[in-house]
Amino acid sequence: MKNRKVHFVLIVATLVVVGIAVSAANLTSGGQAPRSKTERTVKMTDRPRPTETKVETNSSPAFNAAAYQNVALRDEVAWTFGGKQQRGWYLYDLLIGETLNSKHDPLSNDFAASLSKWQKKSGLGSSGVLDENTLMAMISQWQRNRLKIRTAATQDQLMLAPTSDFYDPSRAPELRQVERKTYEAYKEMVAAAYADPALKLSSNDKYFKIISSFRSPEYQAELRRKSPNAGSAGLAVNSPHFTGRALDIYVGGDPVDTKDANRAIQVNTPAYRWLVRNAERFGFRPYFYEPWHWEYVK
Ligand SMILES: [Zn+2]
């Protein structure tokens with residue numbers, strides 16, 4: 001009887017010990033969680049960043065509907081800029097993608113999801129629909145990123161760039177002046193473009209040549225006198241070209257023609273696409289409406 005009691009106690013004790021051991025094992029495996037989390041992190045970073053893949057990963061019905069609306073809006077949404085009626089946002093696909101840090105097809109659910117995050121951050125409704133309101137908010141952001149001061153450069157801030165840098169090598173010396181730091185940054189940027197094997201540029205290429213740089217307020221006034229009805233940005237009263245920090249760079253097509261058909265050619269050239277992805281590294285920011293116009297903002 002006493003032996004049996006002892007046995008019973010031993011059995012209970014064993015069960016308790018086993019129980020503790022099992023709990024401890026659970027705790028240990030729980031303690032392993034951070035390790036598996038680390039493994040997951042490593043695997044995630046090994047994979048391409050989600051923004052670099054076009055694989056559909058977002059199947060949310062809300063974004064599906066947004067993507068469906070974006071298909072129509074991309075070509076059709078009506079908006080006004082520079083006193084002119086505009087249609088669609090397809091010319092700005094690349095700039096929009098850059099702003100959203102998204103390389104997704106602009107008509108995909110993933111794009112709508114990225115847009116919705118940007119809308120939320122910008123204090124807009126997070127619908128994922130790129131309607132007129134969202135487009136105007138995005139344009140405001142792009143315009144805010146441009147040169148703030150448009151004071152004319154003084155002679156000592158300017159240098160004379162060689163004819164070989166220009167789209168038109170016969171351009172007069174007074175029209176080949178560039179603000180010094182801007183010129184340095186421009187040369188570095190062009191060297192990087194030429195070194196990029198993806199662009200396959202040769203020394204005969206016109207791409208990245210300067211079409212127009214510093215324009216004095218006097219010269220600009222002269223241009224306006226010659227064509228008083230031209231309301232284009234090129235003849236602006238307060239032009240960023242006064243600073244010597246704005247460069248019109250050849251990106252293809254008709255060099256400085258704002259017609260949609262011409263800009264549609266320009267925004268698809270490898271040169272323009274390269275600038276959108278790389279110019280910021282060298283201190284240059286775009287003017288969204290003119291694919292050729294870049295401003296040194298550092
Ligand atoms: Zn310009």
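**Strand 6.** I started with strand 6, residues 246-249. Ala246 and Asp248 point one way, Leu247 and Ile249 the other, and all are buried (20 or more other C-beta atoms within 10 Å of the residue's own, these atoms being placed from the backbone; 12 or fewer is exposed, and in between is partly exposed). In a regular strand, side chains alternate between the two faces of the sheet. I took strands as DSSP runs of E with at least two residues, and helices as runs of H or I with at least four, both numbered from the N terminus.

**What I was looking at.** This is a predicted model, where local features need pLDDT of at least 70 and side-chain atom pairs count only at pLDDT 80 or more, while totals for chains, interfaces and linings use all residues. Residues are numbered from 1 along each chain as its sequence is written.

**Neighbours of strand 6.** I looked up its pairings next (DSSP must find at least two bridges between two strands). Strand 5, residues 210-212, pairs with strand 6 in the antiparallel sense over two bridges; Ile210 stands opposite Ile249. Strand 8, residues 290-296, is also antiparallel to strand 6, over three bridges. There, His293 is the bridge partner of Asp248.

**Glu184.** I found Glu184 in helix 6, residues 180-195. Buried or partly exposed? Glu184 counts as partly exposed because it has 15 C-beta neighbours inside 10 Å. From Glu184 to Phe282 I noted 98 residues in sequence and 9.6 Å in space, C-alpha to C-alpha.

**Confidence.** I checked pLDDT, the predictor's confidence in each residue from 0 to 100. The protein averages 84, and 78% of the residues score at least 70. Over residues 8-55 the pLDDT is below 50.

Technical notes:
Two residues are in contact if their C-beta atoms, placed from the backbone, lie within 7 Å.
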